Amino acid sequence: MSDELNFTIKTSRPQNTLFVDKYDTNEVWMSIHVHGATCNTTLSFEQAKQLVEALNTILATEEA
């Protein structure tokens with residue numbers, strides 16, 4: 001996997017981090033690291049688009 005497609009997002013809580021990477025063909029890997037635990041999943045590109053739409057909808061409420 002290319003480093004260009006690996007993203008690390010630090011959250012407002014310093015011990016929590018979100019990682020997003022291109023995984024396999026047409027898949028995205030998401031991993032959430034919190035104090036004492038990790039959780040990960042893969043999303044199809046379609047599911048990743050749905051996540052982006054949901055986040056944009058939530059963010060739009062702040063802009064209104």
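Where is the place of S31? S31 has its place in strand β3. The views below come from a predicted model, in which local features need pLDDT of at least 70, side-chain atom pairs count only at pLDDT 80 or more, and totals for chains, interfaces and linings use all residues. Residues are numbered from 1 along each chain as its sequence is written, and side-chain values use heavy atoms, with hydrogens and water left out.

**View 1. Four strands form an open sheet in the order β1-β2-β3-β4.** Pairing is antiparallel. Strands (E, at least two residues) and helices (H or I, at least four) are DSSP runs, numbered from the N terminus. Two strands pair if DSSP finds at least two bridges between them. β1 (6–10) and β4 (37–44) stand at the edges with a single partner strand each, so one side of each has no neighbour in the sheet. On average, neighbouring strands are turned by 15 degrees against each other, direction ignored. Helix α1 (residues 45–63) packs on this sheet and touches β2, β3 and β4. Contact means heavy atoms within 4.5 Å. The direction of α1 makes about 110 degrees with that of β4. Axes are lines fitted to C-alpha atoms, for helices over the stretch in contact, and angles run from 0 to 180 degrees between N-to-C directions.

**View 2. Bridges join β2 to its partners β1 and β3.** Antiparallel β1 and β2 pair over five bridges. T8 has F19 in β2 as its bridge partner. Six residues lie between β1 and β2 in their hairpin. Six bridges join β2 (residues 17–22) to β3 (residues 27–34), also antiparallel. Here K22 stands opposite V28 in β3.

**View 3. S31 is buried.** Its relative accessible area is 6%; buried means under 20%, exposed over 50% and partly exposed in between (1.4 Å probe, protein chains only). Leaving out residues up to four places away in sequence, S31 touches T17, L18, F19, C39 and N40. The side chains of S31 and H33 make a polar contact of 2.9 Å. Such a contact is a pair of N or O atoms within 3.5 Å; within protein, one must be able to donate a hydrogen and the other to accept it, and residues adjacent in sequence count only if both atoms are side-chain atoms.

**View 4. T11 sits in the loop between β1 and β2.** T11 is partly exposed, at 36% relative accessibility. Its side chain reaches the backbone oxygen of N16 at 3.1 Å. A polar atom of the T11 side chain also lies 2.8 Å from the backbone oxygen of R13.
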